[in-house]
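Subject: Handing over the model

Hi,

Here is the structure I promised to pass on. Please open it alongside this note, and I will walk you through what turned up.

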Amino acid sequence: MSAIHELPAVLSNQISAGEVIERPASVVKELVENAIDAGSHEIDILVDEAGLKMIEVIDDGSGIEGNQLELAFHRHATSKIGDRKDLFKVNSLGFRGEALPSISSIADVEMVTSTGGEGQAIHISGGKLISQKPAEARRGTDVTVKDLFYNVPARLKYMKSLNTELSKIVDIVNRLALGHPQIQISLTHNNRELLRTAGRGDLRQVIGSIYGMNKAGKMLSIDASDADFKVSGYVSLPELTRASRSYMTILLNGRYIKNYELSKAIIEGYGSKLMVGRYPVAVLNLQMDPLLVDVNVHPTKQEVRISKESQLSGIITEAIRNRLSQQNLIPDGLTNL
Ligand code: ADP
Ligand code: MG
């Protein structure tokens, strides 16, 4: 064995990338989350060949100061948390400072950004800084990722068909859009627009853009709360169900999470009204004090630990059960689409 030594940054970033960036959809997720955290009103996502050729995310958010731009690509460099106590009350989608260094260690990345004044462009490829120079830019950030996994052949081989990779991208963009109805989000693949939300803050409209206006009009609104949690959103009538669980979206303080217990709580709200093997379409926003949530469980931040989870499950089940048992099952949103 050779002596212990610290790994060079490029290598440790590639190791992080192994966890954070599993496939093109992970790049889309991380870049769009950054755009959301930057306070954007409009986010355009352009993808070629299911993201394996190119992924571009354009936002109108805060931008990055030129003198900080290179630092943004360092591991664990973040503007989102400062000290230990911030880690227990994360308000942003990002906080680990891993996405940009990870992505730029396994792809070719160009970022053009401006905070309002003169812009800066940076080009990093395979973890190496190629150039940084002033550039024309409006306020916001434009990131282009090309040749993903070009230097990680094993990962590239592991990619599924273009259709599968694209469906993962569409899925994550849908969930991010559902979590942020106030942001106008578009997704374009090989020059074909697949999604465009209105950005008017109307969740039912976003559900309509994704699942179709007809279905969105037939969903029931949910609103419930107690001292710790606030639950809102829409659930489908028992008649309008799917054969897959994947039409249930749970958003915790705007973050799309995967949580078996809470999904079960949704299904339990339907009780015997659901046929075996059928699942509802549901989009639930859960609002709570960030102190009640540990988001630092997994690098992709889709798994979280919630204190008082069973209390929350109870509210969800009750809210859905009550709504479905209301005699008049006429959907309440047919008029405002
Ligand atoms: P994290 O999001 O966990 O902080 P990232 O590696 O994703 O880590 O990004 C590093 C930093 O770069 C962010 O903290 C943020 O300050 C800045 N940044 C990244 N993307 C954008 C963007 N689209 N707009 C503004 N700032 C950004
Ligand atoms: Mg990030």
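In which sense do strand 12 and strand 13 pair, and over how many bridges? They pair in the antiparallel sense, over three bridges. Two strands count as paired here if DSSP finds at least two bridges between them, and helices (H or I, at least four residues) and strands (E, at least two) are DSSP runs numbered from the N terminus.

Before the rest, a word on conventions. This is a predicted model, in which local features need pLDDT of at least 70 and side-chain atom pairs count only at pLDDT 80 or more, while totals for chains, interfaces and linings use all residues. Residues are numbered from 1 along each chain as its sequence is written, and chains are lettered from A and ligands numbered from 1 in the order in which they are written.

**The sheet**

Strand 12 and strand 13 form a hairpin with two residues between them, and Asn253 in the turn has a positive phi of about 45 degrees. Across this pair, Leu251 stands opposite Tyr256 in strand 13. On strand 15 (residues 282-288), the partner of strand 12 (residues 248-252) in the parallel sense over five bridges, Ala282 is opposite Met248 and Val283 is opposite Thr249.

These strands belong to an open sheet of five, in the order 9-10-15-12-13, with mixed pairing. Strand 9 (219-225) and strand 13 (255-257) stand at the edges with a single partner strand each, so one side of each has no neighbour in the sheet. From one strand to the next, the twist averages 20 degrees.

Strand 12 is mostly covered, with five of its five residues buried (20 or more other C-beta atoms within 10 Å of a residue's own; exposed means 12 or fewer, partly exposed in between; C-beta atoms are placed from the backbone). Met248, Ile250 and Leu252 point one way from the strand, and Thr249 and Leu251 point the other way.

**Helix 7**

Helix 7 (residues 203-211) packs on the sheet, touching strand 9, strand 10 (229-236) and strand 15. Contact means that two C-beta atoms, placed from the backbone, lie within 7 Å. The direction of helix 7 makes about 40 degrees with that of strand 10; axes are lines fitted to C-alpha atoms, for helices over the stretch in contact, and angles run from 0 to 180 degrees between N-to-C directions. Among the buried residues of helix 7 are Leu203, Val206 and Ile210. The partners of its buried residues include helix 6, strand 8 (192-196) and helix 8 (213-217). After helix 7 comes Gly212, with a positive phi near 100 degrees.

**Two domains**

The assignment, automatic or from a database, gives domain 1 (9-196) and domain 2 (218-325). Their C-alpha centres lie 28 Å apart. The contact takes 15 residues from domain 1 and twelve from domain 2. On the domain 1 side, helix 1 (9-20) and helix 6 (162-179) each give two or more residues, and helix 6 has the largest share, four residues.

**The ligand**

Ligand 1 is surrounded by 22 residues, counted as near if the C-beta atom, placed from the backbone, lies within 6 Å. The closest are Asn34, Ala38, Thr78, Gly94 and Ala99. Helix 2 (24-37) and helix 4 (99-105) give two or more residues to this shell, and helix 2 gives the most, with three.

Happy browsing!
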